[in-house]
Every structure is written in C-alpha cells, then in structure tokens.
Amino acid sequence: MTTMDAITARQHLVDDRHYKYRGCAGDDENPRVSAADPDVPVDAWGPYTDDGAEPQRVRRARERAALAICGRCPVLVACRTYANTTVVDEAGVEHLVEPEGVLGGELALTRHRALIARRHAATVGTDTAAADPVPAARSLDDARTPQKRAVLAALAREVDPEAVAYRAGMDLRTANWHRSALVGMLGLDREHATRDQMLAAAVDNGLLPRSMRIRPDGPMPYAAAPTVDGVRQRRIAPPGRTVGPQLVLPGMEVMSRGPRRMTGRPAPAPSPAPAATVLPRRGFRARLRAAHEQLLLAVTVTGDTPVVPPSTAGAVPAVAVAGPGVSRPVQAPRSRRTTLTVLEPAA
C-alpha cells in the first residue's frame, strides 16, 4: 500500500516533464481525439456518460484501445500511483481517489480489487482475529409458535397446500409464508428441500412428536416451500426422472404412480388399402358392339323345347304337342328378324 496521499501523488504526476506527452491527452489540432491515436477519442479513458446503457461489445473495445495506449505512456508509473491512492470520507470509510475510468493502465475494477486486497491483508493475520469463526447456534424459539406448530401438524397429514391451510386455520398465503419461514429456521435449502425432509427435521428438533403419523409424498416429492402466492404446488423430480409433475386437485385423493416410460409402444403400421379394381375404359365402338351382341342372344328355352338354329329361322317346323287324349300339330312361332342400323360418327 502506498503511503503517498492523493494530493502529493497528483502533484508528482502533473510536475513530470513527460506529462504533456501522455497518450490520453488531446491532440493539438483536434482536442476531441487522443494525441497517441487519432482513431481513439479522449472519452475512452473516462466513464460512460451517455443516456442508456453502453453495449458490452462497445465498452470492451473502448477499454482495450485505452489500455493499449496506456502501455506505452511515459508517465504510466506516476499515473498508476495516483489512481491507487485513497481518501477517507466523513464516515471514516476509505475510497479510491479515482473510482472510475482507465488510469495507469488499469481498469476501475482492477483498482477496487487491489483496495479490497489491501484491506484484507491489513485485518487478517493479526492476533485479535479469530482463525475460524464459530457459527452461532440456530434458535428455534420462533418456530415453536402456535401458528407454525399448526402448519407442521397440518402438513404431516395433508399434501395439498389448500388442505394444509384449511387444517391450520389460516389462508393459503399465510400458510405458505409459515412453511417458507420454517424451511429457513430448520436450516434447509429453499429450492431443493422436500416436504419429507422438513417434517423429519421438525421431528428431530422436537417441533413434532415422534409418534405422529406422517403421510409420505410418494415417487414425486413435494417441495417444502411452495410459491408464496399459492399459484402452484411445486414438486421436485428425483435424479433420473424425466416425467413432469403429477397434477393434484384440491380435495382429491393423491394416487401415487410409478415410473413410466416417456415413449409408448410404437403404433402399428397401417395395413395397405386394397387396390381398387380399375376396369379398362371401352370406347364407343366397343360399347356399341356389346349392345348389338346382347340383342342377338338366343332365346333361352327351358324343358325339351328345341332351339331354333339361325340357318332355319325362315322355316316354320311343326312341333307335336302331346296331351291327354289330344295329339295335334302346333305351329312354332315365327321368329322376327330385327334390322339394326349402325350410325357411324362423322369423321
């Protein structure tokens, strides 16, 4: 730690014969830019004073340019000595004389860390300082109030926050506040402590009798300290568990469930649809020929009636019909010849 006060250090810096050649000085022709580099403004060594927050990328580029010029400054040592001097305010607190900006090739954060290290070196290692501070014993007198005992007794029987508040005789927000306070009083972590851990700690510290029957959480343990506003009941997933929390409705029984796979059975592949029978498309001539063949079909005859051949269609044969006591020739019906006129489509 330097023994030079701030005024003397400042005077040594200003009286140096190379002070006017320092890199952070303004250029003679353009005082707004640095004398060492015309691309670096003189504001690069000072704190950011514009409106809004300075982007981190811009701040780092500005600080790198300023430190590069400070590295070849002829008054680097005197400037660093002045920048690390301290002053004591009216309350007796020691502060840096230049708490902001880049001075002596050092950032403001570097100078503050050096000041903290000097304070630590001045206080640690003395005979009056204790080597290892003994932690104070945790007092559980505030945890033995009737309200907190009622919350613990209700929490041992219920897992739903609204049911716990109803059994404790208070609203949901007050019950959750007492639960959060009990977690801190019992020395548990607010983010990872479970309901079972808080109740076990309460039994060990005499806040609950050992004979009290405690309802277990199940595979997905409840958090000891839920959200204060009671919007949701937090659950803490055990290691290796990837499923989400189980929804518990107020007034409904909690049905514990075992681990289940996130991916179910693969869906069976759909059976291919039967291929539709595609009939060949017939043209106009084919449809006309089929209609003509239907007209020329022979008459279907049942029994012993002979079929008239097409060659004898013009003759009229006699067919003997035998009946009871009657035998006379019966003339067969004359077949009709149908003339079909086919109309050809115009070319």
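Is R80 buried, exposed or partly exposed? I noted first that this is a predicted model. R80 comes out as partly exposed, because its relative accessible area is 33%.

Next I checked what R80 touches. Its side chain meets that of E106 in a salt bridge, at 3.6 Å from N to O. R80 sits in helix α3 (residues 76-83) and E106 in the loop between β2 (94-96) and α4 (108-123), so this pair ties together parts 26 residues apart in sequence. E106 counts as buried, at 17% relative accessibility.

I then searched the whole structure for salt bridges and got 7. One of them joins E158 and R215, with the closest N and O atoms 4.0 Å apart. E158 is in the loop between α5 (146-157) and α6 (161-168), and R215 is in the loop between α8 (195-204) and α9 (284-295), so parts 57 residues apart in sequence are tied together. I have E158 down as buried at 16% and R215 as partly exposed at 24% relative accessibility. R167 joins E158 and R215 in a salt-bridge network.

R210 and D204 also pair up, at 3.8 Å between the closest N and O atoms. Here R210 is exposed at 64%, and D204 is exposed at 56% relative accessibility.

I found 0 aromatic pairs, but R22 lies over the face of Y19, 4.0 Å from the ring centre. R10 does likewise with Y82, at 5.5 Å from the ring centre.

How values were computed:
Residues are numbered from 1 along each chain as its sequence is written. This is a predicted model: local features need pLDDT of at least 70, side-chain atom pairs count only at pLDDT 80 or more; totals for chains, interfaces and linings use all residues. Side-chain values use heavy atoms; hydrogens and water are left out. Rings of Phe, Tyr and Trp (its six-membered ring) pair if their centres lie within 6.5 Å; planes under 30 degrees apart count as stacked, over 60 as edge-to-face and the rest as tilted. A charge sits over a ring if NZ of Lys or CZ of Arg is within 6 Å of the ring centre and within 35 degrees of the ring normal. Helices (H or I, at least four residues) and strands (E, at least two) are DSSP runs, numbered from the N terminus. Buried means under 20% relative accessible area, exposed over 50%, partly exposed in between (1.4 Å probe, protein chains only).
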